[in-house]
Amino acid sequence: SMYRGIDGNLTGGDIEILARPDTASGVRQIIIPDILPGSRAAIVTLFQPAKGGSEIAALEFPSGKIHRLVGGQVGRYVKTGHLVFSDYDANLLAAPFDPRTLRLTGVPRRVGVQVAPNGVFAISETGTLVHHLISGTFDGRPTWVERDGTAHVVDSAWGARITTLALSPDASRAAVSVPRGGAENIWVKQ
């Protein structure tokens, strides 16, 4: 299920259930939320293994209505008015998206970047893209990608099996989730 704390602070408060997976339609989990401007909806991933993949959707608050958008693994909204998402082959695509109507307003086009097989990436408010590449040992190497496509490894000595990645709004820090000993550890990298 997807939840939110309704008092708006980080110390806890009441929890509101926003949506539950529609298991009858094959949705097992609603995951990887990305809150849209205005905080009235979020981009989410509908994990539906019985259908052979996942789908990017918009989850409307507080109704819980789900607007299915496109097949893919992870979706992020960028303030240029685009939904950037990774497809099943971990290619990044961008499609014009209206956050008011929660609809795609154009055809998805390839960005020219391929992310790790799990499709995880993050985009700052200024448009900086960060993602990781997977080696044969399934260790990721977080990589900055400039708008012109130039890639720079963040730290060649830093590698881990990263399952989630988030970039700070000013693009100065990245938070990563690394599984170790049956638990997820959160690390912050400058």
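Two strands count as paired if DSSP finds at least two bridges between them. Keep in mind that this is a predicted model.

Q: Which strands are the edge strands of the open sheet?
A: This sheet is open and has 4 strands, with antiparallel pairing in the order β3-β4-β5-β6. An edge strand here pairs on one side only. That gives β3 (29–35) and β6 (66–71).

Q: What does the twist average from one strand to the next?
A: We're still on the open sheet with the order β3-β4-β5-β6. Going from one strand to the next, the twist averages 30°.

Q: What is the volume of the largest cavity?
A: With a cut-off of 30 Å³ or more, the structure holds 1 cavity. The largest cavity comes in at about 70 Å³.

Q: Which strands each supply at least two residues of the lining of the largest cavity?
A: The lining includes Pro142 and Trp144, along with Ala174 and Val176. By class, the lining has 8 nonpolar, 2 polar and 2 charged residues; Arg173 and Lys189 are among the lining residues too. The strands supplying at least two residues each are β14 (140–145) and β17 (174–180).

Conventions:
Residues are numbered from 1 along each chain as its sequence is written. This is a predicted model: local features need pLDDT of at least 70, side-chain atom pairs count only at pLDDT 80 or more; totals for chains, interfaces and linings use all residues. Side-chain values use heavy atoms; hydrogens and water are left out. On a 1 Å grid over the protein atoms alone, a cavity is a set of points where a 1.4 Å probe fits but cannot get out, and a pocket is an open set with protein on both sides within 12 Å along at least five of seven lines; lining residues have an atom within 4 Å of a point. Grid points are joined across faces, edges and corners, and a volume is the space filled by probe spheres set on the points. Ala, Val, Leu, Ile, Met, Phe, Trp, Tyr, Cys and Pro count as nonpolar, Asp, Glu, Lys and Arg as charged, and the others, Gly among them, as polar. Axes are lines fitted to C-alpha atoms, for helices over the stretch in contact, and angles run from 0 to 180 degrees between N-to-C directions.
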